[in-house]
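Please look over the model below before reading on. The points that follow take one part at a time.

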Amino acid sequence: MSSTEYYNKRKEIKKRRVKHLHKIKTSKGCQTCGYNENGYALVFAHRDPMEKHSLCVGQGKGGSGMNGLTKRICVVGARKDSSKKNRKYIKELFLEIRKCKVLCMNCHTIETMLAGEHENNVETYKKRKDCNT
């Protein structure tokens with residue numbers, strides 16, 4: 001597979017992944033206000049920040065949240081064990097989604113501010129089990 005074919009295939013897979021996750025989010029809608037019109041405006045908000053998968057924390061520019069888990073899913077056949085790894089990664093992604101509720105960006109921001117998570121996020125993540133190992 002040439003690098004152009006691989007790039008186009010990755011782009012196609014990412015588009016399908018995003019579409020599927022948006023479908024999940026819009027079908028549930030925001031648990032606070034009920035908004036459900038656009039998946040880009042909805043997020044998976046962890047019920048307990050201490051239970052976040054390590055790849056859901058601080059992935060940098062536009063990469064926190066579920067992006068850390070979804071971007072690992074790759075083109076089947078690109079690597080020898082890609083199909084087996086993809087099954088594992090998809091399972092991890094859906095296990096993580098089960099730990100979340102769906103909120104719109106506004107409600108998520110308000111909830112984060114009221115809970116004080118924006119102020120103590122460094123201390124919170126230092127306390128997490130998987131960060132101390």
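**Notes on the predicted model**

1. Start with I24, which lies in helix α1. Helices here are DSSP runs of H or I with at least four residues, strands are E runs of at least two, and both are numbered from the N terminus. I24 is buried, at a relative accessible area of 16%. Buried means under 20% relative accessible area, exposed means over 50%, and partly exposed is in between, with a 1.4 Å probe and protein chains only. G39 is 15 residues from I24 in sequence, and their C-alpha atoms are 8.3 Å apart in space.

2. A word on the basis. This is a predicted model, in which local features need pLDDT of at least 70 and side-chain atom pairs count only at pLDDT 80 or more, while totals for chains, interfaces and linings use all residues. Residues are numbered from 1 along each chain as its sequence is written, and side-chain values use heavy atoms, with hydrogens and water left out.

3. Now the overall plan. The protein has 5 helices and 2 strands. Along the sequence they follow the pattern α-β-α-α-β-α-α. Of the 133 residues, 33% are buried.

4. The strands come next. β1 (residues 42–46) and β2 pair in the antiparallel sense, over 5 bridges. Two strands count as paired if DSSP finds at least two bridges between them. V43 has L103 of β2 as its bridge partner.

5. Are the residues of β1 buried or exposed? In β1, 5 of the 5 residues are buried, so this strand is largely enclosed by the rest of the structure. L42, F44 and H46 lie on one side, V43 and A45 on the other, and both faces are covered. In a regular strand, side chains alternate between the two faces of the sheet.

6. β2 (residues 100–104) also deserves a look. Here 5 of the 5 residues are buried, so β2 is largely enclosed by the rest of the structure. C100, V102 and C104 point one way, while K101 and L103 point the other way.

7. Turn to α3. This helix has 17 residues and reaches 24 Å from its first C-alpha to its last, close to the 24 Å expected at 1.5 Å a residue. The expected span is 1.5 Å times one less than the number of residues. Which residues of α3 are buried? They are S82, N86, Y89, E92, L93, E96 and I97. An α-helix has 3.6 residues a turn, so residues three or four places apart point the same way.

8. Next, the second largest pocket. Its volume is about 180 Å³. A pocket is an open set of points on a 1 Å grid over the protein atoms alone, where a 1.4 Å probe fits, with protein on both sides within 12 Å along at least five of seven lines; lining residues have an atom within 4 Å of a point. I13, R16, R17, H20, L21, I73, I90, L93 and F94 form the lining. α1 gives the most, with 5 residues.

9. G68 sits in helix α2 (residues 67–70). G68 is buried, at 2% relative accessibility. C56 is 12 residues from G68 in sequence, with the two C-alpha atoms 5.5 Å apart. T32 is in the loop between α1 and β1. T32 is exposed, with a relative accessible area of 56%. T32 and K101 are 69 residues apart along the chain, and their C-alpha atoms are separated by 9.8 Å.

Notes:
Grid points are joined across faces, edges and corners, and a volume is the space filled by probe spheres set on the points.
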